[in-house]
Amino acid sequence: MNPVPYHPAEPGALLLDGKVALITGAASGQGQAAATLFAAHGARLAVIDINDAGAAETVRDIEARGGEAVAVHADVSLRADIDRMVATTVERFGRIDVLYNNAAVQMSGRLVECTEDEWDLTIATNLSAIFWACRAAVPHMLATGGGSIINTASTLGLIGSEGFAAYGAAKAGLVMLTKQLAVELGPSVRANVIAPGSIDTPRFRKVLDENPDRDGFMKMLLGNLPLKRLGTAADIAAVALFLASDLSAYTSGAVVPVDGGLAALR
Ligand SMILES: NC(=O)c1ccc[n+]([C@@H]2O[C@H](COP(=O)([O-])OP(=O)(O)OC[C@H]3O[C@@H](n4cnc5c(N)ncnc54)[C@H](O)[C@@H]3O)[C@@H](O)[C@H]2O)c1
């Protein structure tokens, strides 16, 4: 069961000491930032990705700072890979305390442009993958006394936006899946969802660089935004650390926008 109550840690205390965290999409961006931050707070890490070079870089970075991590190649759109990533993590570390479902694909496209393959891949990677990862990992969490699930949705799963029919639907489904998990798995396992806004990661840079009106796009994004800047992977990792750790022992089923205030405008 999750500990109650939380006793404020000593300054400098490690928030994830002794815990094991599995993070999908940990070769880049938000997942990579969270992996290194979690490791700095004492967690042992399973670094999951299809990008082997990026995953190896994450592991090297963690090991260089004295941490422990293993890279596992897994495509989360495939259920067999999901089962294998969970099994490999448990074989290596003996437990899973934190399951952070961060990997996703983003294919923008209006309804009439979205192909069957794009729809299927988006739902498989951004929604079904999280269902099956929880299905595989939760029995291990329960066997060792509980844990924390963190899912990554998006502002686009909370509000409608032109050109994101499949992506928005998958992310909105993930918000409700997380609430279901919170209801069903308490008190042993907590489940929360982060809804990032515009976060300056390699994925975001690619979208920005492909935009012919880059300056206009940025102006549109930041114009009314209360915090007037893009988010960083570190901004997301900090919230993920809170949700992973006992600091959030009484938080479950929460949807946490990390978006510079964007959701407050709607
Ligand atoms: N960057 C943003 O502005 C933004 C905004 C809202 C939500 N998000 C969400 O944040 C999460 C992280 O995005 P990011 O910006 O860090 O992107 P990123 O592209 O930097 O990192 C995503 C990682 O996921 C991996 N990945 C993709 N498909 C995979 C698969 N099938 N199996 C395993 N790994 C896979 C990629 O290889 C990559 O390493 C995603 O869920 C994304 O939808 C991002």
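Hi everyone. To start with a definition: a residue counts as buried here if 20 or more other C-beta atoms lie within 10 Å of its own. Keep that in mind as we go, and remember that what you see above is a predicted model.

Let's begin with strand β6, residues 189–196. Eight of its eight residues are buried. In a regular strand, the side chains alternate between the two faces of the sheet. Here V189, A191, V193 and A195 lie on one side of β6, with R190, N192, I194 and P196 on the other, and all of them are buried, so both faces are covered.

Now the sheet that β6 belongs to. This is an open sheet of seven strands with parallel pairing, and the order is β3-β2-β1-β4-β5-β6-β7. At the edges are β3 (69–73) and β7 (255–258), each of which pairs on one side only. On average, neighbouring strands in this sheet are turned by 15° against each other, ignoring direction.

Zooming in on the pairings, β5 and β6 run parallel and are joined by six bridges. One detail to find on screen: G147 has V189 in β6 as its bridge partner. Strand β5 (residues 147–152) is also joined to β4 (residues 98–101), by four bridges, and that pair runs parallel too. There, L99 stands opposite I149 in β5.

What packs against these strands? Take helix α8, residues 233–244. Its buried residues pack against β1, β4, β5, β6 and β7, as well as helix α1. Those buried residues are A233, D235, I236, A237, A240, L241, L243 and A244.

Why does A129 count as buried? Because A129 has 26 C-beta neighbours inside 10 Å, and the cut-off is 20 or more. Setting aside neighbours within four places in sequence, A129 is in contact with V76, S77, I82 and A124. For a sense of scale, A129 and D200 are 71 residues apart in sequence and 24 Å apart in space, C-alpha to C-alpha.

How many residues surround the ligand? The count is 29, and the closest are G25, G29, A104, T201 and R203. By class, that shell has ten nonpolar, 16 polar and three charged residues. Helices α1 (29–40) and α6 (202–210) each supply at least two residues of the shell.

Note on methods: Residues are numbered from 1 along each chain as its sequence is written. This is a predicted model: local features need pLDDT of at least 70, side-chain atom pairs count only at pLDDT 80 or more; totals for chains, interfaces and linings use all residues. A residue is near a molecule or strand if its C-beta atom, placed from the backbone, lies within 6 Å of it. Ala, Val, Leu, Ile, Met, Phe, Trp, Tyr, Cys and Pro count as nonpolar, Asp, Glu, Lys and Arg as charged, and the others, Gly among them, as polar. Two strands pair if DSSP finds at least two bridges between them. Axes are lines fitted to C-alpha atoms, for helices over the stretch in contact, and angles run from 0 to 180 degrees between N-to-C directions. The expected span of a helix is 1.5 Å times one less than its number of residues. A residue is buried if 20 or more other C-beta atoms lie within 10 Å of its own, exposed if 12 or fewer, and partly exposed in between; C-beta atoms are placed from the backbone. Two residues are in contact if their C-beta atoms, placed from the backbone, lie within 7 Å.
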